[in-house]
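Please look over the model shown here before reading on. The report takes up its aromatic contacts, its nonpolar core and its strand pairing in turn.

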Amino acid sequence: MREIMTKHKLKIKSEYFSAVINKTKTAEIRYNDRNYQVGDILNLNEIDEHGVFTGKNCAVIVTHVLDDNQYLQTGYVMLSFHLRSINPVEE
């Protein structure tokens, strides 16, 4: 693992966000335009069905990157992760 992790700010639909914070979703397929690496932090920002930010977010840490054109379309990776923190909307 490299010394310096990269933080990525990403949008995620509400239905998938709920699964991440409930720990039933532990992987995400993304276009690899950011050179994702093990140890990177993904700041997942929930969006509603209209694409509007809800204010809820969480952070996950990438534990594995699958980059294999036999299983994924060219340019895409599957990021396995575990939940690091949850930040609900502050009222």
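What follows is a short report on a predicted model.

## Aromatic pair

The structure holds one aromatic pair. The ring centres of Y31 and Y76 lie 5.3 Å apart with their planes at 70 degrees, and because planes over 60 degrees apart count as edge-to-face, the pair falls into that class. Distant parts of the chain are linked in this way, since Y31 belongs to strand β2 (residues 27-31) and Y76 to strand β5 (residues 76-87), 45 residues apart.

## Nonpolar core

The largest nonpolar core has 14 residues, and those with the most contacts inside it are V20, Y36, L42, L44, C58, V60 and L79. At least two residues of this core come from each of β1 (7-13), α1 (14-21), β3 (41-47), β4 (53-66) and β5, with β5 giving the largest share, four residues.

If neighbours within four places in sequence are left aside, Y36 is in contact with H8, L10, R30, Y31, L42, V65, V77 and L79; Y31, one of these partners, is also a member of the aromatic pair.

## Strand β1 and its partner

β1 pairs with β3 in the parallel sense over seven bridges, and the bridge partner of I12 in β3 is E46.

Conventions. Residues numbered from 1 in each chain as written. Predicted model: local features only at pLDDT ≥ 70, side-chain atom pairs only at ≥ 80, totals over all residues. Heavy atoms only, no water. Phe/Tyr/Trp six-rings, centres within 6.5 Å; stacked < 30°, edge-to-face > 60°. Core = buried A, V, L, I, M, F, W, Y, C linked by side-chain atoms within 4.5 Å. Buried < 20%, exposed > 50% of the residue type's maximum accessible area, 1.4 Å probe, protein only. Contact = heavy atoms within 4.5 Å. Pairing = 2+ DSSP bridges.
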